[in-house]
Amino acid sequence: MPKNSKVVKRELDDEVIESVKDLLSNEDSSDDAFKKSELMVDDQEEKDVDVEEGSDVEDERPAWNSKLQYILAQVGFSVGLGNVWRFPYLCQKNGGGAYLVPYLILLLIIGIPLFFLELAVGQRIRRGSIGVWNYISPKLGGIGFASCVVCFFVALYYNVIIGWSLFYFSQSFQHPLPWDQCPLVKNTSHTFVEPECEKSSATTYYWYREALNISSSLSESGGLNWKMTICLLAAWVMVCLAMIKGIQSSGKIMYFSSLFPYVVLLCFLIRGLLLNGSVDGIRHMFTPKLEIMLEPKVWREAATQVFFALGLGFGGVIAFSSYNKRDNNCHFDAVLVSFINFFTSVLATLVVFAVLGFKANIINEKCVIQNSEKILKLLKIGNLSQDMIPHHINFSSITAEDYNLVYDIIQKVKEEEFDSLGLKSCQIEDELNKAVQGTGLAFIAFTEAMTHFPASPFWSVMFFLMLVNLGLGSMFGTIEGIITPIVDTFKVRKEILTVICCLVAFFIGLIFVQRSGNYFVTMFDDYSATLPLLIVVILENIAVTRIYGIDKFMEDLKDMLGFSPSQYYYYMWKYVSPLVLLCLLVASIVQMGLSPPGYNAWIEDTATEEFHSYPTWGMIVCISLMVLAILPVPIVFMVRRCNLIDDSSGSLASVSYKRGRIIKEPVNLEGDNTSLIHGKSPSEVPSPNFGKNIYRKQTGSPTLDTAPNGRYGIGYLMADMPDMPESDL
């Protein structure tokens, strides 16, 4: 009688189990690696992760806690010190309110499209700048390294400015403020005002002599300024502690560092509008001078400001967006952050010119009083006739309007000998026309205005705390542009790399806290970033639109966002933006060639700035900064073009990308199927026939750039997988 089929099946199963036990009992200990090995075949749906669905299994990559945290990080990176002390200066210099027109046009032409491009590639590929451009085209992998070098150069001197702000912040907790009055010098016979301070002003003297203790030339080092050295150390410790856990630590700080400056700006705006003369400053700022718009330099400076305001080319934008989910609407983010940046600049400009209008009003009142006293003396000695003065004029309480009336009468009557009288016109417009930017605006002009505020220490504390937060927000993005690409590429621990990076940067940064350090800050600011970043962004645009393919890129965006981006971006990326960037690059080179390379040195005897040309070694440093920043691009191109390094023999696993998953390649793979099993060479493991490979070695030559669309996993092609459609990004 035949056995029941279930009984037969159970007996067969028992036999199989016994056979497996026999096999395992006969295995030696050397096969532990085989038992633990991972079989990388196509049907491992559970282990291969779908990165597009937001899984963070890939390298356990961290992610933003919320969309708000991410937006604040991008805003904090893009909104920096330049919004406060460069944008208002450019408005003042280039036509007031009329300057906003070219700025907005260029924001739409190059700002938003290029910002959107960097956000998109970072979010799609989920790597830092090095990984992104290796992925697009291995030959252009040097773009990412160049971004890291520029970020490092900028971080070196940018943190020094944070150190200066920390010093002023620490000195603001006293009344009166230490830069309120010129110091007195005592000798054996009498007390007198410090001559250097008397020739300039109290705030100018404090900045150059007390804070910087500046030397008279670049070549005169003068040793370390210990006060600024401590402040620089404190700045780097703050950055290191905030960045040591990556976005997991810096992301939380962003809630304060990104939002606090807006609170301070609004407080300053309200306070400034209540001050005498503030309306004059704002009116001066927004009075358009339309004829200036026709000058090419206005458009060049507007394009440069748009370019640097959004942090294009630094790698920080790409690094931050790489922690997003693949389906995040990065187009919305690009538009939102760009316009937040613009309106922040306008808000800062309102605040600056309200305060500068107040300051100009105070200076103008002093001018009226001093020149009225001169007129009274001239009347007493008979150089001027009393008949010239209108009867209603009272010199003891003269207004600016009355003084200007008297001034015009004297100028007409005493036309020939007017210059010898030494009278000044005392116009508020003359003060407002004095263009001040950068450190001169923050540490001299603004500090002087705050000395006249009621409760001036409070406003000084708020202002410099705002500068510290603005600087830190930008520093987080800059350091992230260094750390993230290196961690992604070389798989080092982020904590160790962050500490090493900050330590190295601090010790190199000691050149900026010498007595001549301010001149080195100027040098790095002028030469380490402008041209290299322009070249980097031009190459980014070319890599995406020409080498990778603009049509493929648009399809990838549609797949990622769920909708097709406007054709506006297609034409901007393909035609307009590259053309505008090339024109900006040529204009910058021409401008650099026409402007004599040099710096403004502070001369103690005259208490004025004097232009000095760079010495020979200084010129070498300037040229070296530009060359070193862009050098990785040709080096990586030649290395991969000439196959000078065989990546397939490296010790680090590379990463190959397919749409929806990331599969790590084992090192030293061979062409046969046995290489699919980790931990065994072809001679050590049996050769089961799996049917098809995931990877196959290139035939012919091991050329580095033959991976489709410049993928990671250089030296290998991904075999066709009909069940897994490939996305080009």
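Which backbone oxygen lies 3.1 Å from a polar atom of the side chain of N341? The backbone oxygen of S78 does.

The views show a predicted model, where local features need pLDDT of at least 70, side-chain atom pairs count only at pLDDT 80 or more, and totals for chains, interfaces and linings use all residues. Residues are numbered from 1 along each chain as its sequence is written, and side-chain values use heavy atoms, leaving out hydrogens and water.

**View 1. The UniProt "binding site" residues.** An unreviewed UniProt entry lists G76, V79, N83, N341, L470 and S474 under this name. They span 399 residues in sequence, yet no two of their C-alpha atoms are more than 12.5 Å apart, so they gather at one spot. UniProt positions follow the numbering used here, feature names are shortened, and annotations may be inferred rather than shown by experiment.

View 2. N341 sits in helix α16, residues 330-381 (helices are DSSP runs of H or I, at least four residues, numbered from the N terminus). N341 is buried, at 1% relative accessible area (buried means under 20%, with a 1.4 Å probe and protein chains only). Beyond residues up to four places away in sequence, N341 touches S78, V79, N83, Y103, A309 and L310 (contact means heavy atoms within 4.5 Å).

**View 3. S474 and its contacts.** Helix α20, residues 456-490, holds S474. S474 is buried, with a relative accessible area of 6%. Leaving aside neighbours within four places in sequence, S474 is in contact with G76, F77, V79, G80 and Y158. The backbone oxygen of F77 lies 3.3 Å from a polar atom of the S474 side chain.

Definitions and conventions: Helix = DSSP H or I, 4+ residues; strand = E, 2+ residues; numbered from the N terminus. Buried < 20%, exposed > 50% of the residue type's maximum accessible area, 1.4 Å probe, protein only. Polar contact = N/O pair within 3.5 Å; in protein donor to acceptor, adjacent residues only side chain to side chain.
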